[in-house]
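The structure is shown first.

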Amino acid sequence: MSLLSGSSGAAEVQSIAAPPVLVDRYNRAITDLRVSITDRCNYRCVYCRTGNEGAQYSELPMADYIRMVRVFVALGIEKVRLTGGEPLLRKGLVDLVRELSNLRTVRTGELLDLALTTNGHLLENLAEPLKDAGLSRITVSMDAVDPATFARITRVPGSFERVLAGIRAAQRAGLNPVKVNCVLLRGFNDDQIVAFAKFAREEGVIVRFIEFMPLEEDRLWTPESVVPLREVVRRLESFRPVARLSPNNASETAVRYTFDDGVGEIGIIAPVSQAFCGQCSRLRLTSDGKIRTCLFSQSDHDLYAVMKRGGSDAELAGYIERTVALKEARHHIGEPEFLKPSRTMVHIGG
Ligand code: SAM
């Protein structure tokens with residue numbers, strides 16, 4: 001395999017002996033990379049952030065992310081999701097998407113599957129430029145469909161209207177299907193489940209409920225705060241009978257449902273009650289260029305340090321391979337030996 005060396009993408013070509021697919025010691029193929037491009041966020045969602053702390057980690061020039069992603073893709077990464085912090089805050093995002101959308105996977109030669117996760121606040125004006133630049137898919141985080149509840153969660157007045165406008169702009173731009181992710185916390189927004197089901201049907205978006213994980217800046221998480229998959233299904237059934245849909249692929253994290261009339265799609269992502277670590281295909285790159293092998297890792301792996309000291313692409317690739325070998329078997333949420341991870345969700349990139 002050969003890789004172009006240098007952040008400019010310039011000419012020196014180097015040989016790397018590594019096989020083109022990253023496989024960890026549990027025989028999981030690593031094909032999925034999430035890249036945080038900023039630690040800043042314009043929302044202060046009460047279940048995610050304390051509201052007092054801002055960005056804690058630096059962000060890199062876009063050219064550095066591009067170089068790193070190129071090396072990951074040469075090693076077999078096939079899906080890249082840009083995230084944050086809030087990625088739409090980052091100037092140069094559209095150009096970054098344009099650069100990355102031209103990359104092809106080593107296994108099939110197809111274009112990279114390039115996705116983005118956003119809170120949607122700035123999406124209305126960016127949806128079309130992002131689509132035109134080559135973005136394949138978008139996920140918008142939205143934790144309530146009641147505007148007042150939503151503003152209480154984000155701590156930003158008028159946020160619901162902004163996000164809804166962003167979702168509709170994404171649909172108009174052809175970023176279909178738009179996925180809307182809702183993290184459920186008991187006694188907080190679990191009264192929104194049926195309203196979200198109606199929203200999915202009326203707006204033509206895929207709504208996905210996510211179990212709350214212990215990844216917050218404050219200490220809110222308890223086992224009781226999690227609304228487990230089976231309870232979400234029960235609440236959906238109180239609205240209309242649901243029918244299970246078959247998975248789109250083996251590593252899909254969401255269990256998918258529709259309703260008896262086939263209108264609307266709901267996914268449930270259950271990392272707590274039905275952990276899917278055995279199929280985990282993910283790595284994460286933080287805004288300051290560190291690799292995380294699991295959301296719940298106790299430490300990061302400083303890829304950027306290799307780059308800063310003048311490491312070649314081959315050296316970056318070697319570092320990535322050695323890091324993949326350290327990927328944890330699974331998380332330990334809810335178990336006595338569980339330790340809080342060294343970073344919270346907003347500083348990792350969800
Ligand atoms: N700002 C972007 C957004 O809002 O989508 C990207 C970053 S945000 C940290 C990514 C996702 O992580 C959001 O959907 C958010 O709801 C989710 N999230 C944050 N804390 C979480 C937690 N403790 N458990 C599960 N999901 C969480």
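## Ligand contacts

A polar side-chain atom of S141 lies 2.5 Å from an oxygen atom of the ligand; a polar contact here is a pair of N or O atoms within 3.5 Å. Taken alone, the ligand exposes 550 Å², and the protein buries 94% of that (accessible areas by the Shrake-Rupley method with a 1.4 Å probe). Helices (H or I, at least four residues) and strands (E, at least two) are DSSP runs numbered from the N terminus.

The shell holds 18 residues, of which Y47, G85, E86, S141 and M213 come nearest; a residue is near if one of its heavy atoms lies within 4 Å. By class, the shell has eight nonpolar, eight polar and two charged residues, with Gly counted as polar.

## Basis of the values

This is a predicted model, in which local features need pLDDT of at least 70 and side-chain atom pairs count only at pLDDT 80 or more, while totals for chains, interfaces and linings use all residues. Residues are numbered from 1 along each chain as its sequence is written, and side-chain values use heavy atoms, with hydrogens and water left out.

## Second largest pocket

The second largest pocket holds about 250 Å³ of space. A pocket is an open set of points on a 1 Å grid over the protein atoms alone, where a 1.4 Å probe fits, with protein on both sides within 12 Å along at least five of seven lines; lining residues have an atom within 4 Å of a point. The volume is the space filled by probe spheres set on the points.

Of its 17 lining residues, R244, E252, T253, A254 and V255 are the closest to the centre. Strand 12 (residues 254-259) gives the most to this lining, with three residues. The lining divides into nine nonpolar, five polar and three charged residues.

## Aromatic pair and backbone

The whole structure has seven aromatic pairs (ring centres within 6.5 Å; planes under 30 degrees apart are stacked, over 60 edge-to-face, the rest tilted). The rings of F196 and F199 have centres 6.3 Å apart and planes at 85 degrees, so the pair is edge-to-face. Both residues lie in helix 6 (residues 193-203), three residues apart, about one turn of the helix.

N176 and P177 are joined by a cis peptide bond, with omega about -5 degrees. P177 is in the loop between helix 5 (159-172) and strand 9 (179-184).

Note on methods:
A polar contact is a pair of N or O atoms within 3.5 Å; within protein, one must be able to donate a hydrogen and the other to accept it, and residues adjacent in sequence count only if both atoms are side-chain atoms. Rings of Phe, Tyr and Trp (its six-membered ring) pair if their centres lie within 6.5 Å; planes under 30 degrees apart count as stacked, over 60 as edge-to-face and the rest as tilted.
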